[in-house]
Amino acid sequence: MNYQGLLIGLLTFLIIGLFHPLVIKGEYYLGQKAKWIFAVLGIIFAVLSVFTSGSGSILLGVVAFSSFWSILEIKEQGERVRKGWFPKNPKRK
């Protein structure tokens with residue numbers, strides 16, 4: 001039996017789940033500037049994915065595109081904060 005597909009699926013699920021709190025914390029502490037961190041991380045992981053082989057390449061690609069998706073989520077998180085669904089950082093303007 002080959003469990004590689006299930007393992008990659010599980011790790012993808014965990015990676016995506018990890019990015020949800022990263023977006024929330026990133027917006028809380030950095031505001032919209034956090035999208036630049038996710039953009040840089042996405043580019044780095046995409047390049048690493050190209051130069052890696054096997055399952056590692058797949059997982060690096062998942063991290064890359066989770067980072068790219070987080071750019072959009074940072075903007076949407078700002079809207080959720082504006083609506084009062086999430087707390088605003090009182091130390092940030």
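Helices (H or I, at least four residues) and strands (E, at least two) are DSSP runs, numbered from the N terminus. The model is predicted: local features need pLDDT of at least 70, side-chain atom pairs count only at pLDDT 80 or more, and totals for chains, interfaces and linings use all residues. Residues are numbered from 1 along each chain as its sequence is written, and side-chain values use heavy atoms, with hydrogens and water left out.

**Figure 1. Overview of the protein chain, with three helices and zero strands.** The elements run α-α-α from the N terminus on. Along the principal axes, the C-alpha atoms fill a box of roughly 50 × 25 × 15 Å. The protein chain has 93 residues, and 31% of them are buried. Buried means under 20% relative accessible area, exposed over 50%, partly exposed in between (1.4 Å probe, protein chains only). Contact means heavy atoms within 4.5 Å. Take the contacts between residues at least 6 apart in sequence: 72% of them join residues at least 24 apart.

**Figure 2. Helix α1, residues 4-30.** This helix has 27 residues. From first C-alpha to last, α1 reaches 37 Å, close to the 39 Å expected at 1.5 Å a residue. The expected span is 1.5 Å times one less than the number of residues. Buried positions in α1 are Ile8, Thr12, Ile15, Phe19, Val23, Gly26 and Glu27. An α-helix has 3.6 residues a turn, so residues three or four places apart point the same way. The cover over the buried residues of α1 includes α2 (34-50) and α3 (55-82). Just after α1, Gly31 takes a positive phi of about 70°.

**Figure 3. The packing of α1 with α3.** Two packed helices are described by the angle between their axes and the distance between the axes. Axes are lines fitted to C-alpha atoms, for helices over the stretch in contact, and angles run from 0 to 180 degrees between N-to-C directions. Here the axes come within 8 Å and cross at roughly 30°. That makes α1 roughly parallel to α3. Angles under 35 degrees count as roughly parallel, over 145 as roughly antiparallel, 65 to 115 as roughly perpendicular and the rest as oblique. The crossing of α1 and α3 is right-handed; that is, the near helix is turned clockwise from the far one by less than a right angle. By class, the contact of α1 with α3 has 13 nonpolar, nine polar and two charged residues. Ala, Val, Leu, Ile, Met, Phe, Trp, Tyr, Cys and Pro count as nonpolar, Asp, Glu, Lys and Arg as charged, and the others, Gly among them, as polar.

**Figure 4. The packing of α1 with α2.** The angle is about 135°, with the axes 9 Å apart. The two helices are therefore oblique to each other. On the α1 side, the contact is made by Phe19, Leu22, Val23, Gly26, Glu27 and Leu30. On the α2 side, Ala34, Ile37 and Phe38 take part. By class, this contact has seven nonpolar, one polar and one charged residues.

**Figure 5. Ser70, a residue of helix α3.** Ser70 is buried, because its relative accessible area is 2%. Leaving out residues up to four places away in sequence, Ser70 touches Phe19, Val23 and Phe38. Asn89 is 19 residues from Ser70 along the chain, and their C-alpha atoms are separated by 19 Å.

**Figure 6. Lys75, also in helix α3.** Lys75 counts as exposed, because its relative accessibility is 57%. Lys75 and Val23 are 52 residues apart in sequence. In space they are 9.6 Å apart, C-alpha to C-alpha.
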